[in-house]
Amino acid sequence: MSEIDDLTDAVLTASRLLVAVSARSLAAVEETLTLPQLRMLVLLDSRGPMKLTALADLLEVNPSTAKRMIDRLIASGMVEHEPNPVTKREVVVVPSVEGRRVVHDVTARRRAEISAIVARMPEHTRQALVEALTAFAEAGGEPRWSARDEAPERARHHAEVD
């Protein structure tokens, strides 16, 4: 087995744990929301207002799939349409106050559970995990998040609205 295979197996195993943490955190906060819907909300919360096509591209789904997800999130009060701040002619999607609350609450629960898991790791392995996961997230295009920021990196002025 190659080094890439070993790393892939390790990431798959860790991802099962992280998906379980996410699912438990989401279920504790909002039972009707799915993990893909939460992912959409997190993207909107972290990256700012977006057009449907930009959101579909980030989620790597067809625009029609993204539209159905948005329609469900609008119906549940999690997202809203707003005029595009650049063109004023079209609309962009933004999380509602309730959507932001859900993202915050789910993230806080995930953080607490992940923190407890990390605390059980041997101290001498923790820094290597930070470096490996940071590199992994960067390679996957995921914005950095830090509790010191209290929110994912936001580029509101660079939002996907043009």
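Tutor: Among the contacts in the chain between residues at least 6 apart in sequence, 57% join residues at least 24 apart. The model in which these contacts are found is a predicted one, and its chain averages a pLDDT of 88, with 89% of the residues scoring at least 70. Over residues 151-162, however, the pLDDT is below 50, although this stretch has 36 contacts in the model beyond its near neighbours in sequence.

The chain holds 6 helices and 2 strands, and from the N terminus on these elements follow the order α-α-α-α-β-β-α-α. Two of the helices, α2 (residues 35-47) and α5 (residues 97-119), pack with their axes 10 Å apart and at an angle of about 105°. Since angles of 65 to 115 degrees count as roughly perpendicular, α2 and α5 are therefore roughly perpendicular to each other. On the side of α2 the contact is made by Leu38, Leu41, Val42 and Asp45, and on the side of α5 by Gly99, Arg100, Val103 and Val106.

For a pair of residues brought together from separate parts of the sequence, consider Leu18 and Ile114, which are 96 residues apart in sequence and 8.1 Å apart in space, taken from C-alpha to C-alpha. Leu18 has its place in helix α1 (residues 3-29), and because its relative accessibility is 39%, Leu18 counts as partly exposed. In the chain as a whole, buried residues make up 27% of the 162 residues.

Note on methods: Residues are numbered from 1 along each chain as its sequence is written. This is a predicted model: local features need pLDDT of at least 70, side-chain atom pairs count only at pLDDT 80 or more; totals for chains, interfaces and linings use all residues. Side-chain values use heavy atoms; hydrogens and water are left out. pLDDT is the predictor's confidence in each residue, from 0 to 100. Contact means heavy atoms within 4.5 Å. Axes are lines fitted to C-alpha atoms, for helices over the stretch in contact, and angles run from 0 to 180 degrees between N-to-C directions. Helices (H or I, at least four residues) and strands (E, at least two) are DSSP runs, numbered from the N terminus. Angles under 35 degrees count as roughly parallel, over 145 as roughly antiparallel, 65 to 115 as roughly perpendicular and the rest as oblique. Buried means under 20% relative accessible area, exposed over 50%, partly exposed in between (1.4 Å probe, protein chains only).
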